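Subject: Structure handover

Hello,

Here is the structure I promised to pass on to you. My notes on what turned up in it follow below.

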Amino acid sequence: MVLELQKPRPIWQIMFSTHHTDVGLLYLILSLSFLFMGGALALAIRAELFLPGAQIIGDAMTFNRIFTVHGTTLIFLFILPFASAVGNYFVPIMVRYKDMAYPKLNAIAFWMIPPGAALVWLGFADFTWYAQPPYSIISAPGPAADMWIFGLKILGVSSVLGALNFVVTILKCKHPDMSIGQVPLLAWSFLASSLIILVAIPTFAAALLMLLTDRLGVSGFFNPAMGGDPIAYSHLFWFTFHPEVYVLVIPAIGMMYEIIPRFSRKPIYSYNSGIFAFVLLSIVAFSSWAHHMYATGMSFTEKTVFMVGTLAAVPASAMHVFNFIATMWNGRIKFSTPMMWAVGGIALFFSAGAGGVANAAMPLDFATHDSYWVVGHFHLFVMGTIAFGSIGYLYYMFPYVTGRMYNETFGKVHFVMSFIGTILVFFTQHILGLYGMPRRVFDYPPIPEWIAMNQIATIGAMIIGISMIIFLANMIYSSGKGKLADTDDPFGLGGKYYYPFEAKNPKH
Amino acid sequence: MSGHSNWPEWIYIAVVIALMCWVGAEAWNAERLVEHVPADAEVIKVIAQQWFWTFEYEDGTKTIGDLYVESGKAYKFEITSKDVIHSFNIHDYVVLMDAVPGRVNTVWFAPTDVRTHDIQCREYCGLIHYNMRGTLHVEEPSS
Ligand code: HEM
Ligand SMILES: [Cu+2]
Ligand SMILES: [Cu+2]
């Protein structure tokens, strides 16, 4: 299963290609570039918060722009394109088709991302990743705000086109000998997350247009001065973005479903329960969006409904955790780098979920909402679960993509440092939230507990930063000079049995 | 894929569901009690704007930034905003409610100690959001 030709080709041949592995490679390079760019912004934020007072960044406006672009970048330009990279490489192979269903559309979806990204980065807006009106209408400076709106519009369309392609590839192009109940869980995860995208994104697309016309002053949907309602925007936004958090996490879970059984040298404990949990999660994803809005003045009944909807999603997530543990149970586990990332990711997934339950319980949310707790909560997912699963999978696919092996020791060092760093940053941020520190603040009063927690978090972030430099060096060096991989069994697991879904791609 | 039984998974799922029902029921009950505003609560209007708080008491007096209440009495805040969304927060008393322009949200509390507490804005509202702070002064009961 060699995913990329080993003979070097000129870059423009890859850029103008529509073949799924080439588009996958483009997605991969783009997403990793933005991982490092967005990560650099995070380090700037953490450095500024190391001490009260202005040190590194200097003024609040720049700080606000930095955290806005940080969040937007890592969600839309790292996590989503990374998943598309993996999907492009593996989904056609797993359903035994020669390419994606619509190769040209696939390339178009990719090439929409750079202009969207350019708008976000050149504008550098300041209204946070959810552009809450009326701030975003009456107060946020243009043209940055307008560029962000257009950028997100383009990224949203790209996401929808990509999702459409995955759905058709999986449902219509899979090999006739293969039933949908035989498609590997990684491909299932793309089916589930793509369906969520198709249902969820149009709502935000509409909200963005309304936001734009509100900013132009020709409408007043969300502007109270013109009789509009800003809370309506919150509903539209979260109707898209609560399900979207599952769009982000489901492919990462799918990647873990590839890694865990291989390196445990056992079949997956229950394939059916994996599918069931994906499908269930895609449905209940739509029942909980207003748990982000308890403090907007919702009635008791509304809050209760959305709390129940939120708690209903927990068993489905918990099923995945069970499935992973049961698969590892009694397995002959080999802790190579990908396995370490996957297992670390599952541990953090569990901790993050426990914190989510506390948020969802409505009286507790009034202690945690919009405090650093929330920052800690969702970063345990986006960094601890999604980035961990993704990076683990990157190490896993590395030999298949490059034909060479990465340096195992540095891979493990990367994991250990990132794992410790992640715990230092994001567990601490939960505590910081309980001490009452609001999120999205450029500066804070010198309360001793706040200072201590901020300093631990900053040190953790620096540890992650250093580990990412090791990672980058390892990837660049090994892809050119690493030792040649045995592509039949690069991880020395012994026997082809452990790669059950290896199917020859007719093009290779 | 065969050769093992699924009962541990069923038990596990049942435990998770039971836990969630318990969390939900407890939360529902607690929130119901917390939301019950005492009838004799004194009303204080809280007006947020970029980037300070104005408090208006029942007798019509106003203060900016500093909020004065008496220990042992109940207060109901009627919160609104003049410009963008803010969030009125006295973290020590878990008082948190968004200040939304065009709406009045209410939340109540009854301070029990005699000291000062921090008031802050918990919803991003622009340039000086980080310093949209105030002070709650809980004083000895006057009567
Ligand atoms: C599956 C992966 C998950 C991801 C990626 C995720 C992501 C997020 C994000 C990004 C936010 C904050 C949004 C913001 O205010 O900027 C958030 C808040 C929240 N999450 Fe999660 N979440 C996940 C799972 C869960 C689960 C399983 C639960 C509950 C059981 C949960 C409950 C909540 C609640 C209640 C909030 C609102 C907190 C508040 O603002 O007060 N989340 N989550
Ligand atoms: Cu949510
Ligand atoms: Cu604010």
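First, a term: I call it a polar contact when a pair of N or O atoms lies within 3.5 Å; within protein, one must be able to donate a hydrogen and the other to accept it, and residues adjacent in sequence count only if both atoms are side-chain atoms. Please keep in mind that this is a predicted model, where local features need pLDDT of at least 70 and side-chain atom pairs count only at pLDDT 80 or more, while totals for chains, interfaces and linings use all residues. Residues are numbered from 1 along each chain as its sequence is written, chains are lettered from A and ligands numbered from 1 in the order in which they are written, and side-chain values use heavy atoms, with hydrogens and water left out.

Ligand 1

On the side-chain of A:Trp129, an N or O atom sits 2.9 Å from an oxygen atom of ligand 1. A:Asp365 has a polar side-chain atom 2.5 Å from an oxygen atom of the ligand, and for A:His369 the corresponding distance to an oxygen atom of ligand 1 is 2.8 Å.

Helices (H or I, at least four residues) and strands (E, at least two) are DSSP runs, numbered from the N terminus.

Which protein atom is a donor of the iron atom of ligand 1? The only one is NE2 of A:His377, at 2.2 Å, and A:His377 belongs to helix α15 of chain A. Donors here are N, O and S atoms within 2.8 Å of the metal (3.2 Å for Na, K and Ca); water is not among the atoms, so sites may look incomplete.

The copper ion and the iron atom of ligand 1 are 4.5 Å apart.

Where chains A and B meet

Contact (heavy atoms within 4.5 Å) involves 60 residues of chain A and 44 residues of chain B. About 4300 Å² is buried between the two chains, with carbon and sulfur atoms giving 65% of that area; buried area is the accessible area (1.4 Å probe) that two parts lose on being put together, summed over both.

There are 17 residue pairs in polar contact between chain A and chain B, both residues being at pLDDT 80 or more. On the side of chain A that touches chain B, several helices each supply at least two residues, among them α3 (60-94), α10 (271-284), α12 (314-328) and α16 (408-434). The residues on this side divide into 38 nonpolar, 14 polar and eight charged.

Three salt bridges link chain A and chain B, a salt bridge being a side-chain nitrogen of Lys or Arg within 4 Å of a carboxyl oxygen of Asp or Glu. A:Lys303 forms one with B:Glu35, the closest N and O atoms being 2.3 Å apart. A:Lys303 also forms a salt bridge with B:Glu31, where the closest N and O atoms are 3.2 Å apart. That pair runs from helix α11 of chain A to helix α1 (residues 7-34) of chain B. Over all chains, the structure holds 10 salt bridges.

Backbone points to check

The peptide bond from A:Gly142 to A:Pro143 is cis, with omega near -5°, and A:Pro143 lies in the loop between α6 and α7 (144-172) of chain A. In chain B, a cis peptide bond joins B:Gln50 and B:Trp51, with omega about 0°; B:Trp51 is in the loop between β1 (42-49) and β2 (52-56).

A:Phe124 is not a glycine, yet has a positive phi of about 60°. A:Ala131 likewise has a positive phi, near 45°. A:Phe124 is in the loop between α5 (113-123) and α6 of chain A, and A:Ala131 is placed in the loop between α5 and α6 as well.

Best wishes

Definitions and conventions
Ala, Val, Leu, Ile, Met, Phe, Trp, Tyr, Cys and Pro count as nonpolar, Asp, Glu, Lys and Arg as charged, and the others, Gly among them, as polar.
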